[in-house]
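The sequence and structure come next.

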Amino acid sequence: MDDAVSTLTRDPAVGGLTTGAVARLLGVAPTTLRSWDRRYGIGPASREGGRHRRWTAADIRLLECMCGLTNAGMPPAEAARAALAAASPEPPARPDEYEDRAGKPASHAPGALPLGRARRECRGLARAAVRLDAHAMDELLAAAIERYGLLAAWESVIMPTLHAVGRKWETAGERYIEVEHLLSWHVSSALRRAASQRQPVAGSGVSLLACTPGESHTLALEALAAGLGQQGLPVRMFGAALPVEAMEEAVRRTGPAAVVLWAQSRSTASRALVARVESIEWGVRGARRRPVVLVAGPGWAGQLPPGARHPSGLAEALDALAAISRR
């Protein structure tokens with residue numbers, strides 16, 4: 001149980017949580033909680049000053065029950081009736097432990113993601129992703145980036161959730177593919193919004209980011225592009241599977257200070273490509289330049305080109321590119 005709920009359970013005198021705090025805890029949009037309160041009576045037992053909702057531990061357990069039933073495919077109105085009828089002092093079962101109306105486990109709907117001891121925001125984002133709740137995902141992603149900063153939000157909230165969805169997809173056959181796709185799209189949108197908040201600083205060198213030919217995984221590069229953008233460092237993001245000829249043309253046309261080549265798998269990591277990009281020159285005779293090439297992603301493990309720079313994570317990549325860009 002979350003620390004905040006534990007506190008409310010141990011000490012009933014402690015004031016309840018706000019709607020926003022409960023929404024982050026459960027991965028539900030605040031508007032959804034207000035709608036459940038208004039339509040079905042799934043709301044706080046008391047209100048601060050007669051108007052502001054304050055949710056107690058019992059209220060949150062009722063919401064957890066409601067979320068579990070809706071996650072299992074039950075319509076909201078029916079789930080509300082069942083949750084209110086089953087309300088008791090005992091903590092409700094986890095969403096994946098609920099049973100359907102025939103008394104059999106509700107195996108037709110996704111259950112809890114394997115997030116272990118991940119932070120509260122991570123669990124909330126996972127629940128929102130499983131429900132395919134686009135509005136809640138946008139709110140939770142924006143709140144995490146604003147509260148912790150892009151780097152910490154990526155490493156502590158976004159990546160654990162993406163990995164959990166990936167593990168669930170690997171072990172559940174065709175299930176969860178829609179969850180992974182929708183979550184990835186909303187993560188990408190959140191990263192772009194974060195990157196657009198600052199204009200590039202004049203005089204800094206450009207970083208060119210691209211996936212190697214045949215590579216389609218772009219989110220880590222998008223996080224890198226967003227981190228550079230937040231520092232006011234100019235970046236050109238070319239995304240997935242950039243052909244070799246197009247990559248060479250992009251380097252010649254932009255004259256980047258650095259090029260980052262992302263490979264998720266060993267099959268898409270190419271030493272020959274690194275050497276080819278490193279050899280590209282531009283500029284006037286007598287003052288020609290070449291880019292600094294960084295290789296990134298797990299695909300390069302065990303097959304790094306000689307002398308290659310291989311950042312171990314987002315923070316190291318941001319530091320390296322910032323230093324190169326500001327030379």
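Which helices each supply at least two residues of the lining of the largest pocket?

## Largest pocket

The model is predicted. Four helices answer the question: H8, H9 (177-195), H10 (219-230) and H13 (314-325) each supply at least two residues of the lining. H8 gives the most, with nine residues.

The pocket holds about 1,200 Å³ of space. Its lining has 35 residues, and those closest to the centre are Met 159, His 217, Leu 219, Ala 220 and Gln 264. By residue class, the lining divides into 16 nonpolar, 13 polar and six charged residues.

## Pro 160 in helix H8

Helix H8 spans residues 150-171 and contains Pro 160. Pro 160 has a relative accessible area of 22%, so it counts as partly exposed; the cut-off for buried is under 20%. In sequence, Pro 160 and Cys 122 are 38 residues apart, while their C-alpha atoms are 7.1 Å apart in space.

Strand S5 covers residues 258-262, and five of its five residues are buried. Ala 258, Val 260 and Trp 262 point one way from S5, and Val 259 and Leu 261 point the other way. In a regular strand, side chains alternate between the two faces of the sheet.

S5 pairs with two strands. With S3 (residues 207-211) the pairing is parallel, over five bridges, and Leu 208 stands opposite Val 259. Five bridges also join S5 to S6 (residues 292-296), again running parallel; here Ala 258 stands opposite Val 292.

Technical notes: Residues numbered from 1 in each chain as written. Predicted model: local features only at pLDDT ≥ 70, side-chain atom pairs only at ≥ 80, totals over all residues. Heavy atoms only, no water. Buried < 20%, exposed > 50% of the residue type's maximum accessible area, 1.4 Å probe, protein only. 1 Å grid on protein atoms, 1.4 Å probe; cavity = no way out; pocket = protein on both sides within 12 Å on 5 of 7 lines; lining within 4 Å. Points joined across faces, edges and corners; volume = space filled by probe spheres on them. Nonpolar A, V, L, I, M, F, W, Y, C, P; charged D, E, K, R; others polar. Pairing = 2+ DSSP bridges.
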